[in-house]
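Student: I'd like to go through this one by asking how we know what we say about it. Could you set the values against the cut-offs for me?

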Amino acid sequence: MKRAVTPLIVFAVLAVSGCGGGEVGEREVEAKVKQALTEVVGQEPDSIDCPGGLEGKVGTTMRCILIDGTTRFGVTVTVTSTDGDSAKFDAVVDDQPL
């Protein structure tokens with residue numbers, strides 16, 4: 001049986017390429033958050049589900065869901081800086097499941 005991700009706060013700074021409209025695509029945000037979480041925790045969650053793309057504007061936030069087995073955690077993604085077609089953002093996992 002797969003063990004649930006330990007509830008913790010993850011500060012993962014991620015650099016990703018934005019699309020022409022200044023938005024990082026939904027799938028790219030999900031993949032980068034999943035990758036960073038796996039590196040920090042040492043276990044890959046089943047999935048990360050975000051409601052859409054992330055606007056490449058400093059201070060923009062979005063709530064995503066981390067799914068690991070039957071456990072779900074909220075994840076707050078916040079754009080911290082931009083540079084041309086790239087955006088850096090932090091992902092913070094809630095310390096309590098939903």
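Student: What makes β6 and β7 count as paired strands?

Tutor: Pairing takes at least two bridges between two strands. β6 and strand β7 (residues 86-93) are joined by eight bridges and run antiparallel, so they pass that cut-off.

Student: And which residue of β7 is the bridge partner of T76?

Tutor: That's V92. T76, in β6, also stands opposite R63.

Student: How do you know that β5 and β6 pair too?

Tutor: Strand β5 (residues 61-68) and strand β6 (residues 71-83) share eight bridges in the antiparallel sense, and the cut-off is at least two. They also form a hairpin, again with two residues between the strands. In that turn, G69 has a positive phi of about 65°.

Student: What pattern do the elements follow along the sequence?

Tutor: β-β-α-β-β-β-β-β. That's one helix and seven strands.

Student: Why is Q35 called partly exposed?

Tutor: Q35 has a relative accessible area of 43%. Buried means under 20% and exposed means over 50%, so Q35 falls in between and gets the label partly exposed. Q35 sits in helix α1 (residues 26-41).

Student: What share of the residues in the chain count as buried?

Tutor: 33% of the 98 residues. As for the accessible surface, the chain has about 5,400 Å², and 50% of that belongs to carbon and sulfur atoms.

Student: What share of the contacts with a separation of 6 or more comes from residues 24 or more positions apart?

Tutor: 47%.

Student: Which elements have the lowest and the highest mean pLDDT?

Tutor: Strand β1 (residues 14-17) has the lowest, 56, and strand β3 (residues 47-49) the highest, 96. Over residues 1-8 the pLDDT is below 50, though this stretch has 22 contacts in the model beyond near neighbours in sequence.

Student: Why be careful with such regions?

Tutor: Where pLDDT is low, the predicted coordinates should not be read in detail. For the chain, the mean pLDDT is 81, and 79% of its residues reach 70 or more.

Terms used. Residues are numbered from 1 along each chain as its sequence is written. This is a predicted model: local features need pLDDT of at least 70, side-chain atom pairs count only at pLDDT 80 or more; totals for chains, interfaces and linings use all residues. Side-chain values use heavy atoms; hydrogens and water are left out. Helices (H or I, at least four residues) and strands (E, at least two) are DSSP runs, numbered from the N terminus. Buried means under 20% relative accessible area, exposed over 50%, partly exposed in between (1.4 Å probe, protein chains only). Contact means heavy atoms within 4.5 Å. Accessible areas come from the Shrake-Rupley method with a 1.4 Å probe; for residues, only the protein chains shown count as cover. pLDDT is the predictor's confidence in each residue, from 0 to 100.
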